[in-house]
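The structure is shown first.

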Amino acid sequence: LRYAYPDLAANYRFLSGLAVLLPSAIVGIFMGAITDTTNRVRLLGVASILWSLSTFTSGEVDSFEVFSSMRLCLGIFTAACIPPAVSLIRDYFPPAYRSQANSIFLASNYIGCCISSLSILFIKNYGWREDYEITGIFGILAGVAVLINLQEPVRGKWEEIQKERD
């Protein structure tokens with residue numbers, strides 16, 4: 001990366017941290033409200049595709065400015081995934097299993113970070129661009145799988161079932 005973009009060494013801390021985390025924090029606040037008023041499966045699938053497309057594009061471009069904007073997009077689109085995912089867990093799982101489902105979902109972030117550490121082996125053999133591209137392709141496929149395979153559940157389904165029992 002350093003040789004592909006001369007400005008990278010001077011701006012690496014910004015691109016690896018603030019450029020992703022600040023837009024993610026800001027957009028994340030609004031995504032909760034959007035999640036409450038939209039189809040969560042579509043939101044999750046499209047956000048996953050856009051997140052992965054920005055990752056893929058990062059490996060394709062030869063412009064530091066475009067690379068930087070893709071990092072900003074990454075922060076925005078990752079923030080768009082968490083609220084609909086948590087909301088879907090609430091409606092897919094009954095209360096007795098919800099904590100376990102949320103734990104698995106939250107653990108996946110850390111598991112993903114651990115697995116991503118292995119990407120250094122891939123980068124060593126094939127290069128950083130290919131790492132971004134392959135990661136982006138898998139993410140796009142995952143987003144498409146969400147759109148094809150998940151259905152929007154009824155909101156508050158388990159609360160309604162509980163009311164009927166009482």
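## Helices α6 and α7

Helices α6 and α7 cross in a right-handed sense. The model is a predicted one. Helix α6 covers residues 119–126 and helix α7 covers residues 128–149; they pack at an angle of about 125 degrees, and their axes lie 7 Å apart. That angle makes α6 oblique to α7, because an angle has to be over 145 degrees to count as roughly antiparallel.

On the α6 side, the contact is made by Ser 119, Phe 122, Ile 123 and Tyr 126, and on the α7 side by Trp 128, Glu 130, Asp 131 and Ile 134. Sorted by class, the contact of α6 with α7 has five nonpolar residues, one polar residue and two charged residues.

## Helices α2 and α3

Helix α2 (residues 40–60) packs on helix α3 (residues 64–79) at an angle of about 160 degrees, with 9 Å between their axes. The two helices are therefore roughly antiparallel to each other. The crossing of α2 and α3 is left-handed.

Helix α2 contributes Ala 47, Leu 50, Trp 51, Ser 54, Thr 55, Thr 57 and Ser 58 to the contact, while α3 contributes Phe 67, Met 70, Cys 73, Leu 74, Phe 77 and Thr 78. By class there are eight nonpolar and five polar residues in the contact of α2 with α3, and no charged ones.

## Salt bridges

Six salt bridges are found in a search of the whole structure. One of the salt bridges is formed by Arg 40 and Asp 91, whose closest N and O atoms are 2.6 Å apart.

## Overall make-up

The protein chain has eight helices and zero strands. Read from the N terminus on, its elements run α-α-α-α-α-α-α-α. The C-alpha trace of the chain spans about 65 × 30 × 25 Å along its principal axes.

## Confidence

The mean pLDDT of the protein chain is 89, and 95% of the residues reach 70 or more. Where in the chain is confidence lowest, and where is it highest? It is lowest in helix α8 (residues 157–165), with a mean of 78, and highest in α2, with a mean of 96.

Conventions
Residues numbered from 1 in each chain as written. Predicted model: local features only at pLDDT ≥ 70, side-chain atom pairs only at ≥ 80, totals over all residues. Heavy atoms only, no water. Axes fitted to C-alpha atoms, helices over the stretch in contact; angles between N-to-C directions. Helix = DSSP H or I, 4+ residues; strand = E, 2+ residues; numbered from the N terminus. Parallel < 35°, antiparallel > 145°, perpendicular 65-115°, else oblique. Left-handed = near helix turned anticlockwise from the far one by under 90°. Contact = heavy atoms within 4.5 Å. Nonpolar A, V, L, I, M, F, W, Y, C, P; charged D, E, K, R; others polar. pLDDT = per-residue confidence, 0-100. Salt bridge = Lys/Arg side-chain N within 4 Å of Asp/Glu carboxyl O.
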